[in-house]
Amino acid sequence: MLEQLIKYFVYKTKGHITKTQLINFLYLADLYTVKWTGKQLTELNWCYYHHSPWHEDIDAALSQMDGKEIAQKAEGRITFIRLGIEAEITTDINLPLGLKLMLDNIRREWASAAKFEQLLDYVQNTAPMLEMRQIHQAEETVKLNLNAEREKLVSELGL
């Protein structure tokens, strides 16, 4: 599922996405599905690392896909994820319609370069990130509890 989600976001942005944006999009996709269904899309055990969500499997997947479906290009401190030579934009990525709608909402809301700082701020203020930021240092790698977002929703709804 991780590679499908990476392809979906890279293809739908036509290769105009940074690695940081992509990681945050993947995090939000997992967070929202946990929030509303109690189940995660990917098998990533998300970590809090340097005030951001992260997992080493994302780097491994990007490396495996690099030069094929995607192309990573570092420009200074920013890594751009572009379309690779084997990118098939016309091929539909086989995902359920409801999931595509959710992913498209994430992309439409946050893909603009002008909204980059707002995206980071939004992600850092999700319940799992706030929980870790209060008790851990930025250099620590600590597992995030995505269920904290669901628990916050349940509490707000009074259920």
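At what angle do helix H2 and helix H3 pack, and how far apart are their axes? I started with this pair, in what is a predicted model.

**Entry 1: the helix pair**

I took H2 as residues 19-37 and H3 as residues 56-65. The two pack at an angle of about 120 degrees, and their axes are 12 Å apart. The angle makes H2 oblique to H3. I also noted the handedness: H2 passes H3 in a right-handed crossing.

Next I listed the residues that meet. From H2 these are Lys19, Leu22, Ile23 and Leu26, and from H3 they are Ile58, Asp59 and Leu62. Sorted by class, this contact has five nonpolar residues, two charged ones and no polar ones.

**Entry 2: Ile58**

I then looked at one residue from the H3 side. Is Ile58 buried or exposed? Ile58, which is found in helix H3, has a relative accessible area of 0%, so I logged it as buried.

Ile58 and Ile23 are 35 residues apart along the chain, and I read 7.6 Å between their C-alpha atoms. Leaving aside neighbours within four places in sequence, I found Ile58 in contact with Leu2, Ile23, Leu26, Leu44 and Trp46.

**Entry 3: the nonpolar core**

Which residues touch the most other members of the largest nonpolar core? This core has 42 residues, and the ones I wrote down are Ile6, Leu22, Leu26, Tyr27, Leu28, Trp46 and Leu103. The elements giving two or more residues to the core are helix H1 (2-12), H2, H3, helix H4 (97-110), helix H5 (116-124) and helix H6 (127-135). H2 gives the most, with ten residues. As background, I noted that nonpolar side chains in soluble globular proteins tend to be buried together.

I followed Ile6 next. With neighbours within four places in sequence left aside, Ile6 is in contact with Leu22, Leu26, Ala61, Leu62 and Met65. Leu22 and Leu26 in H2 also meet H3, as does Leu62 in H3 from its own side of the pair.

Which residues of H1 are buried? I recorded Leu2, Leu5, Ile6, Tyr8, Phe9, Val10 and Tyr11. I then checked what covers the buried residues of H1, and the cover includes helices H2, H3 and H4. It also includes strand E1 (17-18), strand E4 (70-75) and strand E5 (78-83).

Just after H1, Lys14 takes a positive phi of about 55 degrees.

Technical notes. Residues are numbered from 1 along each chain as its sequence is written. This is a predicted model: local features need pLDDT of at least 70, side-chain atom pairs count only at pLDDT 80 or more; totals for chains, interfaces and linings use all residues. Side-chain values use heavy atoms; hydrogens and water are left out. Axes are lines fitted to C-alpha atoms, for helices over the stretch in contact, and angles run from 0 to 180 degrees between N-to-C directions. Helices (H or I, at least four residues) and strands (E, at least two) are DSSP runs, numbered from the N terminus. Angles under 35 degrees count as roughly parallel, over 145 as roughly antiparallel, 65 to 115 as roughly perpendicular and the rest as oblique. A crossing is left-handed if the near helix is turned anticlockwise from the far one by less than a right angle, and right-handed if clockwise. Contact means heavy atoms within 4.5 Å. Ala, Val, Leu, Ile, Met, Phe, Trp, Tyr, Cys and Pro count as nonpolar, Asp, Glu, Lys and Arg as charged, and the others, Gly among them, as polar. A nonpolar core is a set of buried Ala, Val, Leu, Ile, Met, Phe, Trp, Tyr and Cys residues joined through side-chain atoms within 4.5 Å. Buried means under 20% relative accessible area, exposed over 50%, partly exposed in between (1.4 Å probe, protein chains only).
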